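This report describes selected local features of a protein chain.

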Amino acid sequence: MTMTTPEAALDRVNTHSRPSDLRITDIRCAEVIGAPFRSCLIKIMTNQGIVGLGEVRDGASKSFALMLKCRLLGENPCDVDRLFRRIKQFGGHGRQGGGVSAVEIALWDIAGKAYGVPIYQMLGGKFRDRVRMYSDTDASVPSGTETGKRLKQRMDLGYTFLKMDLGLGQIMHVPGAANGPTGVLDLYRTGYEWRETKTLEERRLQNALYDVHNVRHPFTGLHFTEKGLDLLEQYMSEVRAVVGPEIPIAIDHLGHISLNDGIRLARRIEKYDPAWLEDVIPWQYTDQYERLAKSTTVPICTGEDIYLKEDFLPLLACGGVSVIHPDLLTSGGILETKKIGDAAYDHGVAMAIHMAESPVAAMAAAHVAVATENFLALEQHAVDVPWWDDICTGLPKPLVRDGHITVPDKPGLGIDDIDDDVIREHLQPGVKDIWESTDQWDGEWSWDRTWS
């Protein structure tokens with residue numbers, strides 16, 4: 001009988017890596033546009049060749065992630081919670097949470113690959129095998145019938161949950177449908193989009209337009225008229241006439257209107273059974289959310305711009321929401337969103353997940369979704385992006401099949417790699433290449449302690 005030494009036995013065992021010896025060595029970026037918006041993919045490299053994938057939220061800057069590099073080099077990426085607690089002070093609400101969240105997701109990807117298990121297993125295992133997706137469909141034309149036809153096309157693809165816009169955007173070009181202080185409505189009609197500027201005067205004008213669109217809802221002075229509410233009710237009626245009464249339709253993008261106008265619209269569309277009414281007012285106004293929820297039978301939803309669990313808790317405690325809606329790329333990443341979902345469960349509130357980025361963000365959200373009992377639906381905003389499925393290798397194609405994602409049992413996120421050729425075809429304007437050196441961030445340093 002041949003005796004086998006412990007060392008020889010290990011030669012026949014896939015140990016994946018030696019997790020205790022893992023160290024972070026680098027962070028690199030790839031800035032993409034059109035998937036469906038502007039976002040930044042990141043890679044965290046290690047001394048054992050294991051690479052973690054993450055993503056900075058749509059519309060955010062890669063700098064939010066790169067500023068964290070000097071605070072992570074040399075650390076063991078498997079210490080996810082410890083490192084998150086170190087860097088979370090550098091995140092914030094909205095897009096400011098994008099860097100911390102991107103890094104947190106990449107750390108989980110590395111940990112899963114190092115130990116050879118999918119992320120959902122490290123969160124406690126699965127409540128479901130498939131993740132229901134809801135298709136968010138922008139209203140490209142101010143016609144409920146035409147929007148209904150677009151939603152019906154989503155249904156034909158297998159989606160069983162839908163979302164659409166309904167608000168100021170559908171009526172603000174109709175005379176007499178909305179009112180506001182002189183000139184303000186015209187500025188909202190202009191819209192805001194970041195553009196490269198060549199002169200200080202161009203930058204000043206762009207900043208002024210940004211400021212207009214950054215005014216919180218109670219202070220804009222914008223209101224629906226009765227004519228406007230009639231048009232919005234008709235719009236919703238036309239949509240339901242096309243798609244039927246049985247499929248859930250969530251409502252988004254009311255515009256920067258007041259709480260009272262949100263209540264007026266909610267009462268008008270109650271008869272059409274919307275799945276939820278989203279982000280009626282800024283999430284910070286907890287008392288107003290409580291009043292809104294008590295003023296309508298339509299479920300109220302918010303959360304995509306909230307960073308960390310603690311700012312979800314007041315909304316849950318006051319009964320101001322029926323559905324919370326975190327975005328993993330703002331909320332703090334995978335574990336924090338799992339904690340947010342569990343807190344909502346304790347208050348009898350469902351959790352949907354906002355997601356408008358690449359398959360990297362989609363897979364991170366999907367792992368949380370299968371591991372969270374009160375999960376409702378995960379957003380898909382890239383139905384019309386033909387190359388979306390090509391961004392990542394190692395995933396099923398199409399990733400969303402019959403309106404669902406089936407989360408694989410592969411380690412980490414379940415993604416093999418990013419397809420560099422695909423990314424290079426869709427670089428953000430002014431970006432020359434992908435995964436370029438970020439050595440300039442290695443020596444960034446400050447005394448970060450927040451207490452004395």
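Ile44 has Gly52 of β3 as its bridge partner. The model is a predicted one, in which local features need pLDDT of at least 70 and side-chain atom pairs count only at pLDDT 80 or more, while totals for chains, interfaces and linings use all residues. Residues are numbered from 1 along each chain as its sequence is written, and side-chain values use heavy atoms, with hydrogens and water left out. Helices (H or I, at least four residues) and strands (E, at least two) are DSSP runs numbered from the N terminus, and two strands pair if DSSP finds at least two bridges between them.

Strand β2 (residues 39-46) pairs with β3 in the antiparallel sense, over five bridges. Within this pairing, Cys40 is opposite Val56 of β3. Five residues separate the strands in the hairpin of β2 and β3, and Gly49 there adopts a positive phi near 80°. β2 also pairs with β1, again in the antiparallel sense and over eight bridges; Asp26 stands opposite Met45 in β2. The hairpin of β1 and β2 has six residues between the strands, with Gly34 at a positive phi near 95°.

Burial is judged by relative accessible area: buried means under 20%, exposed over 50% and partly exposed in between, with a 1.4 Å probe and protein chains only. Seven of the eight residues of β2 are buried, so this strand is largely enclosed by the rest of the structure.

Strand β3 (residues 52-56) is mostly covered, with five of its five residues buried. Gly52, Gly54 and Val56 point one way from β3, whereas Leu53 and Glu55 point the other way, and all are buried.

## Helix α3

In helix α3 (residues 80-87), the residues Val80, Leu83, Phe84 and Ile87 are buried. Seen down the axis of α3, the buried residues fall within an arc of 105°, so they line one face of the helix; the arc is that of the directions from the helix axis to the C-beta atoms. These buried residues of α3 pack against β1 (24-32), α4 (98-115) and α15 (334-346), where contact means heavy atoms within 4.5 Å.

## Cis peptide bonds and positive phi

The peptide bond from Ala35 to Pro36 is cis, with omega near 0°, and Pro36 is located in the loop between β1 and β2. Lys397 and Pro398 are likewise joined by a cis peptide bond, with omega about -5°. Pro398 belongs to the loop between β14 (392-393) and β15 (400-401).

Asp273 is not a glycine, yet has a positive phi of about 55°. Asp273 lies in the loop between α11 (259-269) and β9 (277-278) and is exposed, with a relative accessible area of 53%. Trp435, also a residue other than glycine, has a positive phi near 55°. Trp435 is found in the segment after α17 (420-424) and counts as buried, at 11% relative accessibility.

## Leu399 and its contacts

Leu399 lies in the loop between β14 and β15. At 4% relative accessibility, Leu399 counts as buried. Residues up to four places away in sequence aside, Leu399 touches Pro359, Met363, Trp388, Asp389, His404 and Ile405. The C-alpha atoms of Leu399 and Ile110 are separated by 21 Å, and these two residues are 289 residues apart along the chain.

## The second largest pocket

A pocket is an open set of points on a 1 Å grid over the protein atoms alone, where a 1.4 Å probe fits, with protein on both sides within 12 Å along at least five of seven lines; lining residues have an atom within 4 Å of a point. The second largest pocket holds about 240 Å³ of space, the volume being that filled by probe spheres set on points joined across faces, edges and corners.

Its lining comprises 14 residues, of which Tyr159, Val383, Asp389, Pro398 and Val400 lie nearest the centre of the pocket. The lining divides into nine nonpolar, two polar and three charged residues. Here Ala, Val, Leu, Ile, Met, Phe, Trp, Tyr, Cys and Pro count as nonpolar, Asp, Glu, Lys and Arg as charged, and the others, Gly among them, as polar.
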